[in-house]
Amino acid sequence: MFDLAIKNGKIVSGNEIKKANIYIKDGKIVKISDENLEAEHIDDVDNAFVIPGGIDPHCHFRDPGAAYKEDFSHGTAAAAVGGMTTVFDMPNTNPAVLDEKSFIYKKKYFADKAFVDYGLWGLSLGDLNLNTLDEIKQAGGVGIKFFWGYAINRDTNALIYNYVPGQNGVIPPLDDGEVYKIFEQIASNGHILAIHAENNELISMLTKRVRENGENDYEALLKARPALAEVLTIQTAIAFSQATGAHLHILHVTSSMGVNLIREAKAKNINVTAETCTHYLFLSDKDYGKIGSGMKVYPPIKRESDRLALWEGLKDGTLDYVSSDHAPHAVREKKGDLFEIPSGMCGVETTLPLMLNEVSKGKITLPFLVQVLSEKAAGLYKIDDRKGAVKVGNDADLVILDMNKKQKILNKNLHSKEPFTAFDGFEVTGWPQRTYLRGILIAGDGEILNKPEGRFLRANY
């Protein structure tokens, strides 16, 4: 007998919607059929849409090291409620993920805290750990993250977000020769190199200029960190990828010019993929007046023309998928001088609702949503033998949708440790109703319904 049957659902894949029943045994989908078969537990979803659990490859759960901002339990609970059943945690924690030892430590540290399945990124610090990057791949890491243009604290390996030349105890941002060696190493072992693309030299000069002029509004922030800062780094990265063959992944693309560069690189069959995030798709500089400093992220949210170009890039495949760049801070930290407060906000719980609202408005389709929130990421990170689609043999990670539910996103309802998002007050039509992880009901009606059931997810390159 089957353990669970999800009956009378409209199953959504990346290219179709079909009515069928889903039969689950030992956490796996074992049969999809219109047959009416017996199961120990039955969930009759009454013609609701059923999608594969979402995959969020870009999360900063701040744990360990800054757990007062967020921790893995709260962050993955937020993911579960938001219909995300797989998350990848970024490596710039304390300790950072720099080698096999630190990778295994974090993998075990998360083991009893995870409400959803999780993968781990490794961190590149250039020559400091060039020889241990392959260890991270062999341990099952999803890829290597490189914060291009950021300085490093010599004692803790923490990133320095506002580097000033001559700072004590700091390793300056890597030069292009050092970065090129990272690309060579990634090319040699067939892993993925994901970059935060901002040009430090340009940003440093422009920030000094606007600060000296006494400018302190959002326009000043965009002057200090313009699209050009992203474009210069993307150009260099694409050239390095072309020269070495390394798989380059560009994180949180923000600009029209960035989209155009990636489109051109893909047309030349350069080994480049890219993502954008919900805050870049749904916000622009014109929203600052009503939202305020809480919408500060790095790279910054840019112009309306950039927002529209990102949607076009997503729809034509230039951008591969949507992530959240979930990066909470203490709510109190998000108030103050725009240039001094930290960048980042909650996102893992709101990504799917925001995208479902676009479906409700007729701007995108559910199959397209499944492509950019599940299928493409699963394929890119070599986990599509288990995740990303409702198909026989895959884990039974399923989300039952309520496309008629209309509700506001509210900070007070978020499940993160420090619940704060720029989307507070946004009304959304279409919400995740129930979330299954490997056939276990983990969340429903906006609440966690089970103990942590998440497991480490190994990427098999």
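These legends cover the whole chain and then several close-up views of its strands.

The structure is a predicted model, in which local features need pLDDT of at least 70, side-chain atom pairs count only at pLDDT 80 or more, and totals for chains, interfaces and linings use all residues. Residues are numbered from 1 along each chain as its sequence is written, and side-chain values use heavy atoms, with hydrogens and water left out.

View 1. Helices (H or I, at least four residues) and strands (E, at least two) are DSSP runs, numbered from the N terminus. The C-alpha atoms fill a box of roughly 70 × 45 × 45 Å along the principal axes. Of the 461 residues, 61% count as buried. Buried means under 20% relative accessible area, exposed over 50%, and partly exposed in between (1.4 Å probe, protein chains only). Take contacts (heavy atoms within 4.5 Å) between residues at least 6 apart in sequence: 73% join residues at least 24 apart.

**View 2. Strand β1 spans residues 2-12.**

**View 3. Strands β1 and β2 form a hairpin.** Four residues lie between the two strands. Strand β2 covers residues 17-25 and runs antiparallel to β1, joined by seven bridges. Two strands pair if DSSP finds at least two bridges between them. Val 12 stands opposite Ile 17 in β2.

**View 4. Strand β1 also runs parallel to β4.** Five bridges join β1 to β4 (residues 39-44). Which residue of β4 is the bridge partner of Leu 4? The partner is His 41.

**View 5. Strands β1 and β5 pair in the parallel sense.** Two bridges link β1 with β5, residues 49-52. Here Ile 11 stands opposite Val 50 of β5.

**View 6. Three strands make an open sheet in the order β11-β10-β12.** Pairing in this sheet is antiparallel. The edge strands are β11 (159-160) and β12 (170-171), each pairing on one side only. Strand β10 (residues 151-153) is joined to β11 by two bridges. Ala 151 has Ile 160 in β11 as its bridge partner.
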